[in-house]
Amino acid sequence: MREHPNEEILRKFITSELPSEEARLVERHLSMCSECRDQVDVVSARLTLQLLDSWLRPSYDEAFDRAADRTTECLANLLEESRSTEDLLAELLQEPAPLRRRRIADGERFHSLKLCQLLLARSRDAWLLDPAASLETADLAVEVAQHLESGRYGSSLVEDSRALAWAYLANALRITSDFWRAEQALRQAWCHHVLAEGDAYTQAQLLITTSSLREAQGRYDEATQLSERAISIYRDADDRQLESSALILKGMILGQYGRVEQAIPVIREGLYRIDPIEEPLLMMAGTHNLIWCLAASGVPAEAQKLVDINRHLYQDFGEINLTRLHWLEGKIVIDLGQFSEAEGLLTEVREFFLDHCMWKEVLCSSLDLAELYIMIRQPKKMKEILNDVIPMGEALGLPGKVFLAKMLFERASRS
C-alpha cells in the first residue's frame with residue numbers, strides 16, 4: 001500500500017468489513033505508519049461514541065443491545081491498546097536487557113498484538129542500521145508473540161504473528177552471522193505459518209528470509225528459486241514496493257553466484273519500481289548491489305562514477321552502511337590498480353567489522369584483503385589473515401568460503 005488509507009477504509013478495517021487481502025495491506029501499513037495509527041484511534045473513538053449515542057434511543061431491541069455491547073467493548077480495547085503501545089514499549093525498554101523477557105512473561109499487559117507488531121517494525125527498521133538492536137527487538141517480539149492469547153485475537157492471527165516474529169528473529173540472526181540459530185528460528189517460523197493456515201504475505205516474508213539465509217550459506221540455486229517464489233506472490237498482489245525488494249535480493253544472489261550479467265537487469269528492474277522517497281534505505285541497498293555487480297563485471301571506472309554520484313544515499317544510514325561503501329570502493333580501486341588505497345580501505349573495513357562482531361563480513365573482507373596481498377606479493381601478511389579466518393569460516397558453517405581461504409593459503413605457501 002503506497003498511499004495512506006482514507007477514513008472510510010480505516011472504518012471498514014476496524015469493523016472487519018474489508019476483504020482479507022485488503023485488510024492485510026492496511027494492517028501492514030499501520031504497523032509502519034504512526035500517523036495512520038493515530039487516525040485509527042480517532043475513527044475508533046468516533047464509532048464508539050456513535051454506539052454509545054444509539055443506546056439512548058428506545059427503539060433498539062435486546063439482540064442489538066448485546067451486539068452493541070460486544071462491539072463497543074472491542075473498539076474500546078482497540079483504542080486503549082493503540083494509545084498505550086508506545087508507552088508500553090518504553091516501559092519495557094527501561095528494564096535492564098536481561099530482565100525484559102521475564103517482564104513480558106509475567107506481565108499480562110505485555111501480551112499485546114500491537115506491541116508485537118511495533119517490536120517487529122523496530123526490528124525491521126534496524127536490519128541495515130543496527131544489527132544488534134534488530135536482534136534484541138526481534139527476540140522480544142518472539143517472547144510477546146508466544147504469550148498472545150488465541151481467545152483474544154483468534155488462533156490464525158496469533159500463529160501468523162508468531163511466524164513473522166520467528167522469521168524476523170531468523171533474519172536478525174543471519175545478519176549477525178549466527179547461521180545455525182537462524183536455521184532453527186526459520187523452522188519455528190514455517191511451523192507457525194502452517195498452523196496459521198498460510199497468509200500469502202507471511203509466506204512471502206518467510207521465502208525472502210529463507211532465501212537470504214541460503215545466499216549467506218552459499219546455497220545460491222536454492223536462494224534464487226525462493227526469491228522467485230516471493231516475487232511471484234508480490235506480483236500477484238500488485239505490491240510494487242515489496243516486489244522491488246525481492247527483485248533486488250534476487251539480483252544480489254545472482255551477483256554473488258557469479259552471474260553478474262543476469263543480475264544487473266534484475267536489480268535495475270527492482271530499482272525502477274522503488275519510490276525513493278518512501279523507501280530511501282531500499283534505494284540505497286539496491287544501488288549498492290548494482291554498483292557491486294558493475295564492478296564485478298569488469299567496468300570499475302563506471303562503477304566508481306556511480307559511487308561518486310550516489311555517495312549521498314549512504315549519508316543518513318549510519319556507520320555500518322558507510323563502511324559497506326568503503327568496502328565496495330576498496331574492491332573497485334583494486335581493479336583500477338590503486339593498491340595502496342585499496343589496502344587502506346580494506347584494512348579499515350575489516351577492523352570495523354571485527355569491532356562490531358560481524359563475523360561473515362570479517363571473513364569476506366579478509367578474503368578480499370588476502371587476494372590483494374597475492375597481487376602485491378606480500379604472502380606473509382596474507383597468511384596472517386587467513387590463519388585467523390579459516391577457523392572462523394568453519395565455525396560459521398561456510399564451507400565455500402573456507403575452501404577459497406585454503407586455496408589462497410596454499411598459493412601463498414608456494415610463493
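Predicted model: local features only at pLDDT ≥ 70, side-chain atom pairs only at ≥ 80, totals over all residues.
Student: Okay, so which residues of α16 are buried?
Tutor: In α16, residues 300-310, they are Pro300, Ala303, Gln304, Val307 and Asn310. Looking down the helix axis, these fall within an arc of 140°, so they line one face of α16.

Student: Why would residues three or four places apart point the same way?
Tutor: An α-helix has 3.6 residues a turn, so residues with that spacing point the same way.

Student: And what do the buried residues of α16 pack against?
Tutor: Their partners are α15 (280-296) and α17 (318-335). On the face turned away from the buried side you'll find Lys305 and Ile309, which are exposed.

Student: Switching topic: is threonine 202 buried or exposed?
Tutor: Threonine 202 counts as buried because its relative accessibility is 0%. You'll find threonine 202 in helix α11, residues 200-216.

Student: Which residues does threonine 202 touch?
Tutor: Leaving out residues up to four places away in sequence, threonine 202 touches Arg24, Asp160, Ala163, Leu164 and His193.

Student: How many residues of α13 are buried?
Tutor: 14 of its 17 residues, so α13 is mostly covered, with buried meaning under 20% relative accessible area. After α13 comes glycine 258, which has a positive phi near 90°.

Student: Last one: what is the average pLDDT of the protein chain?
Tutor: The average is 85, and 86% of the residues score at least 70. Over residues 51-76, though, the pLDDT is below 50, and this stretch has 15 contacts in the model beyond near neighbours in sequence.

Note on methods
Residues numbered from 1 in each chain as written. Heavy atoms only, no water. pLDDT = per-residue confidence, 0-100. Contact = heavy atoms within 4.5 Å. Buried < 20%, exposed > 50% of the residue type's maximum accessible area, 1.4 Å probe, protein only. Helix = DSSP H or I, 4+ residues; strand = E, 2+ residues; numbered from the N terminus. Arc of directions from axis to C-beta.
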